[in-house]
Amino acid sequence: MLELYHHGSSVCAAKVRFVLMEKGLEWTGHYLDILKGEHFTPEYLKLNPKAVVPTLVHDGQVLVESTVICEYLDDEFPESPLKPSHSMARAHMRLWTKAVDEDIQPACKYITYAACHRHIIKRMPPDKFREYMTGPPTEAETRVTGDPNWVENKRAIINLGIAAPGVASKFRMYDSYLQKMEEALQQHEWLVGDTFTLADIALTPYLNRLEMLGMSEMWSRSRPRLAAWFERIKARPAFKPCFLDYCPADLTSDLKTYGSRSWPEVQKILQAAG
Ligand SMILES: N[C@@H](CCC(=O)N[C@@H](CS)C(=O)NCC(=O)O)C(=O)O
């Protein structure tokens, strides 16, 4: 039995759901609301000591790290393969998934908090909010990321939004990856050759996040290959159930409302980078 601990708007969890659905696998979901801290329970920390989603449990065996999980699922269920057959193409696929893990995912976190989540967090009752912003981070909170200053950085982002230190450079970096995708797609239909692979799956949640934040102008006007790629992705039957239907309606609405409000500021950052 395949069990997935996940959350509706988590980019990392969406990647794994996309693989499960593309491969037509049966799975059972355990939904954790990470915006309510449901991933900090002692039971969940035993499965995933970094206190993040997703976690896969396959016949009782636990696996963490979304990129590793995606490759595992493709190895274990080889029908409808999502890895290229040639080693060099597989290596190129892994350069994309490595970029997601090392650069794009950490940038996405800053972007999402700065453009949207800060407003959701600010809706806490005043005493809870004060404690959230000034109290010592819980031990579980400090586990969440490899970024040792995340709690401090998150608080700055909640206070300052897009203007917080580090946020502009994350948008610029994200933008540079969109350009790399545009260039790769000049050569072929998918990111690595002419077949849909785990590279396409790995990048999809990050374009979807920008689109949900009302920031699809980052490619819609100036990057035609990328725009066409994303349309091809959205036409796949797994896309809507995997990405849109799992995201709670109130969060979908917050992402669009707050993200769209931030867009003019983001546009200025990107224009200044020229
Ligand atoms: N490298 C990990 C990163 C997982 C990760 O950061 N997950 C985010 C959601 S996309 C999370 O659970 N964050 C919890 C939090 O911010 O408190 C993976 O790819 O599985």
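Residues are numbered from 1 along each chain as its sequence is written, and side-chain values use heavy atoms, with hydrogens and water left out. Because the model is predicted, local features need pLDDT of at least 70 and side-chain atom pairs count only at pLDDT 80 or more, whereas totals for chains, interfaces and linings use all residues.

The chain is divided into domain 1 (2–76) and domain 2 (87–273), with bounds that come from an automatic or database domain assignment. Their C-alpha centres are separated by 19 Å. In the interface, 25 residues of domain 1 are in contact with 31 residues of domain 2, contact meaning heavy atoms within 4.5 Å. The size of an interface is often given as the accessible area lost when the parts come together. Here the buried area (accessible area, 1.4 Å probe, that two parts lose on being put together, summed over both) is about 2,500 Å², and carbon and sulfur atoms give 70% of it.

Three salt bridges (a side-chain nitrogen of Lys or Arg within 4 Å of a carboxyl oxygen of Asp or Glu) are found across the interface of domain 1 and domain 2. Between the two domains, five residue pairs, both residues at pLDDT 80 or more, are in polar contact; this term denotes a pair of N or O atoms within 3.5 Å, where within protein one must be able to donate a hydrogen and the other to accept it, and residues adjacent in sequence count only if both atoms are side-chain atoms. On the side of domain 1 that touches domain 2, the elements giving two or more residues are α1 (11–22) and α3 (66–76); helices (H or I, at least four residues) and strands (E, at least two) are DSSP runs, numbered from the N terminus. Helix α1 provides the largest share of this side, nine residues.

The ligand is surrounded by 14 residues, the closest being His-39, Val-52, Val-53, Glu-65 and Ser-66, where a residue counts if one of its heavy atoms lies within 4 Å. A polar side-chain atom of His-39 is placed 2.7 Å from a ligand oxygen atom, and one of Gln-105 lies 3.3 Å from an oxygen atom of the ligand. In the side chain of Glu-65, an N or O atom is 2.7 Å from a nitrogen atom of the ligand.

The peptide bond from Val-53 to Pro-54 is cis, with omega near 10°. Pro-54 belongs to the loop between α2 (42–47) and β3 (55–58). Asp-59, in the loop between β3 and β4 (61–64), has a positive phi near 50° although this residue is not glycine.

The salt-bridge count comes to 16. Among these bridges, Asp-254 and Arg-123 pair at an N to O distance of 2.8 Å. Asp-254 lies in helix α13 (residues 249–273) and Arg-123 in the loop between α4 (87–121) and α5 (126–134), so the pair ties together parts that are 131 residues apart in sequence.
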